Structure formats: C-alpha cells, structure tokens
Amino acid sequence: SGGSGTVQSGTAGALAFYPSTDTVVNDAALLFWNDTGAHLGIGTTTPATYAVSTIEATSTTALPLLVRGFTGQTEDLLRIVVPEGRAGIPAATTTLLTVSASGNLGIGTTTPGAALAIAGEGLIEGALRASTFTSTSTTALNTFPVASSTSFSVADRIWVSGTGTSTLSGGASITTNGGLASQSGITITGG
C-alpha cells in the first residue's frame, strides 16, 4: 500500500519521506541536502560547507552515529581511507583508521591484532600507563627520554634479557635497598 503518492509543498533542500503508512510525503525530518555545495545534513538543516556530510546530535542524550555490524560480522566495522593517485582517478587507497569486527582499533593498519594497534610513531601528551612494555624490534634502540634533568624513576625492576650493551650517558646512580644484581655478571666501566 505505501503512501498516497501526493507530494505537498515543502522546504527547499529538505529530503522528503513518508512519516507513516498511507500518509502524504513530509519534509519535517532533519535530512537536508544543500545542492549548491553538495552537502548532506543529518540531524541538521545547516550542514557544514567544508564537509560532504554533517551528522549532528538532535539532543544532549542522542548518539550522533552508531555503526551496527551484522550478527557474526567478519569484515571491518569502519574503515577510513584516503585515495592515492591523480585527482578523480584514484590508483589505490591508504587506510588511516580501522575498527575490526572484534573491536580492535588500528591506526595506519588494516589488521589491528590488539585492542590498539598503531603502525608508525605515536605521540602521547600526558601519562602512558601499562602493566608491561615489550620491545619487538631486533634493531631499534628503546629510548626513554626524560624531561627532567634529575630523575628517571622505575618502581620494582628493569629486566633486560639477551646479550648486549647498555650505555647510560651521564652515568647511573642506583639507590635501593635491593642492590644491583645480574644472573650473568656485571661489567661497569667508566669513572
């Protein structure tokens, strides 16, 4: 059955819809098309002119965007990509952000293997807390620069496995009740 097929006069740019079965077309919903700049507004009649689409919450308790997967979802839930190549002729895409079906967030990777996976360098302005830090590189040095010129504090222990040399520029001072220990011996050179 559907609507009457009658289209009433409406607001320019508003997307018309049937508010219920067997009614006339209405344009009162907050779906808006700005034909001048090709901008879609969802939840707003004034989509941003610098965006293709603007999704705006309609109240303080409204969720502006919900991405709902299918039961048993296996493909990613969200992927943000940037095309590469000449304008209008994309040759490939670069993935900037991925949310996998299992809920893992990938930045710069399409295959996040953990809750947060970042391919590339990261910059964190503020505290970074973790129960452990594990290095997986066999060539890169792990550097913990300290903004303070007086201290680098480690509670409990620093564990280094394998062989290698650690260089502490400026020397090292160890003040602890537990002392300094090694399972394979310690060589200290310098003044």
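Me: What pattern does the protein chain follow along the sequence?
Reply: The protein chain reads β-β-β-β-β-β-β, with zero helices and seven strands. Helices (H or I, at least four residues) and strands (E, at least two) are DSSP runs, numbered from the N terminus. This is a predicted model: local features need pLDDT of at least 70, side-chain atom pairs count only at pLDDT 80 or more, and totals for chains, interfaces and linings use all residues. Residues are numbered from 1 along each chain as its sequence is written, and side-chain values use heavy atoms, leaving out hydrogens and water.

Me: What is the strand order in the open sheet?
Reply: The open sheet of three strands has the order S1-S2-S3, with mixed pairing. Two strands pair if DSSP finds at least two bridges between them.

Me: And which strands are at the edges?
Reply: Strand S1 (31-34) and strand S3 (53-55) are the edge strands, each pairing on one side only.

Me: How many bridges join S2 to S3?
Reply: Three bridges join strand S2 (residues 39-42) to S3, and the two run parallel. Within this pairing, Gly 41 has Thr 54 in S3 as its bridge partner.

Me: Changing topic: where is Ile 42 found?
Reply: Ile 42 lies in strand S2.

Me: Why does Ile 42 count as partly exposed?
Reply: Ile 42 counts as partly exposed because its relative accessibility is 34%. Buried means under 20% relative accessible area, exposed over 50%, and partly exposed in between (1.4 Å probe, protein chains only).

Me: What share of the residues is buried, then?
Reply: Buried residues make up 10% of the 191 residues in the protein chain.
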